[in-house]
Amino acid sequence: MSTQAQAVALDWLPQEVMENIAFFAATTTDVGPPSDLLPLLLSCRSIHRALSLDTNLHLCARIFEYKFDLNAAVRRLGLQIATPDVLSKELRKRFVYLKRIRARTDTQICTPDTSNSPMISELLWLAYLMMLENDGKNVKQLREYAGMEQWLMEYWFDDEGASLASKTLSEDEWPLDNEHNSLAMWLFWLFLRPDRFQRTERNYRTFTTVLKPTALAANKYNLCHIPWEVFVPRSCLLGPTCINHYSNSYKLTPPTMAIPAILSYLSLVGPLVGPTRVVYKGPHAPNSFPSSLNQSLEWDADWQRCMNLAENPLSSQFSGAYKVGSLQGVWEGVFTYTEFTTYAALLSGRSPSILHNCMVPQHPQTWKLREYHLTVSRGVDGIADGAKSPLLSSGHPLKAFFPAGIRIHEHAGSVEVHEPGKMAPLSYRQPSACGAEADDFKCLEIQDIIVVGEVINDLLIMNCFDLFAQGHSAWGQFNVIGRVRPCDGFVSLLKEYVEGDRGQWLYRGYLVGSINGSLSGRWRDTLSHPDANGYEGCFVMSRRR
């Protein structure tokens, strides 16, 4: 039978059957555009009219759901984004940008204003949001079809890369801290597979030349867009970006590039090896997260943080930028430091070359953290039951925002916080205790989150896995207390050594991901004024698996 005769035979089929044939033709491959649909559409005019992606929006929507993840977007944005009209437009848009990534059109310096190209901005936002919505399909399109990993390698590490990182560093200047580079650094971390990294001296120098200055230079690359020393800020220092996503406009504030730079740097410098075993293998890279149908749940807080920081004024309530209970458990990781004279020179205005050859020692530490919540019960109408609950005052930022003279007493499943000048202590409870008392008519609104913890003796754990006790880290025994900032989930932890003269150190950062994520950021001394640049280093803590 001739092709034309076959087309005439298909023309007599019911519309539903023709759509199914077209759907299976469009999805013969998991990745890439529906190219195999084209021969069918070209077979005759009537079939083209019935099945064209311009006219058959329902078919477009089915193809989109087959090739891309949709659950996370619906969960965060609502069902209105899942209509055939919206999904058909999103399908076209995505393959336009994926083809552009595949061609590597924007990875290198072409014109003086390349770094300000709107196309790169839209491309990077799309890739970043696809990764935050990834449940397995999105990353496959970006990695296997678009070649996003190769795109990022050229963008960041090629001598003519569009990030301008190699160019500026060759001139002994700092890499640009802008929206494009922030998103590209996050994508580098989200795609990073440390187990496939060839640990040669050449590769090490290539990667660390860019990552090391960005991770270590706290005076150049901030952890957050809000001053870290403010617990209840009014507004974000960086204005939001208006992006188009699923045919709707949203205002989002991009995350800073320091956090993924720290995670990537500490992932690639190699595992920390002790006398008898590997002490710490590095942060949990997103590619090592357990496979599940709901991988995107890991990134709900990261998405919400971008949304929250775009608000003006900022919310003073917990509204999704931190997933409650996430810090509960045992964490292991490292902190790094640079020689004091080197860091002092850095603060005095030295160029990035001072960091290229400096030693960056790593020291292991293991924390056992307990998270406690101050809650108020609300009815279904959102009205609080009883009188307004008192809140813990916002204390000095170098004390993790705890008021001076505070006393904390732990009990089973709860903690009492005594603040000087207040009649009664505040009662905080652990997440499990809070949830047990909720019923169908009331919900518990979290007003404050504090964290209490201590170091664990690794030798004890190696011999008896059920024994938790105070012990010693690389520098000695210490305790930890901290608070979580409501608007963006910024974590401040005060680490106080119990013995000797090692004093107090403030750890600040974000939890990247959720149950499988890592707490990453920087520590600093508590003697310098909070408005001044202090002595700082990097840290990362991952939940013990």
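Student: Which residues is Tyr 128 in contact with, leaving aside its neighbours within four places in sequence?

Tutor: Tyr 128 is in contact with Leu 183, Trp 186, Leu 187, Leu 190, Pro 255 and Cys 306. Contact means heavy atoms within 4.5 Å. This is a predicted model: local features need pLDDT of at least 70 and side-chain atom pairs 80 or more, while totals for chains, interfaces and linings use all residues. Residues are numbered from 1 along each chain as its sequence is written, and side-chain values use heavy atoms, leaving out hydrogens and water.

Student: Why is Val 360 called buried?

Tutor: Its relative accessible area is 16%. Buried means under 20%, exposed over 50%, and partly exposed in between, using a 1.4 Å probe and protein chains only. So Val 360 counts as buried.

Student: What makes Ser 247 partly exposed?

Tutor: Ser 247 has a relative accessible area of 33%.

Student: How do you know whether Phe 401 is buried or exposed?

Tutor: Its relative accessible area is 2%. This is under 20%, so Phe 401 is buried. Phi of Phe 401 is positive too, near 70°.

Student: Which residues touch the most other members of the largest nonpolar core?

Tutor: Tyr 128, Trp 156 and Leu 519 do, among 137 residues. A nonpolar core is a set of buried Ala, Val, Leu, Ile, Met, Phe, Trp, Tyr and Cys residues joined through side-chain atoms within 4.5 Å.
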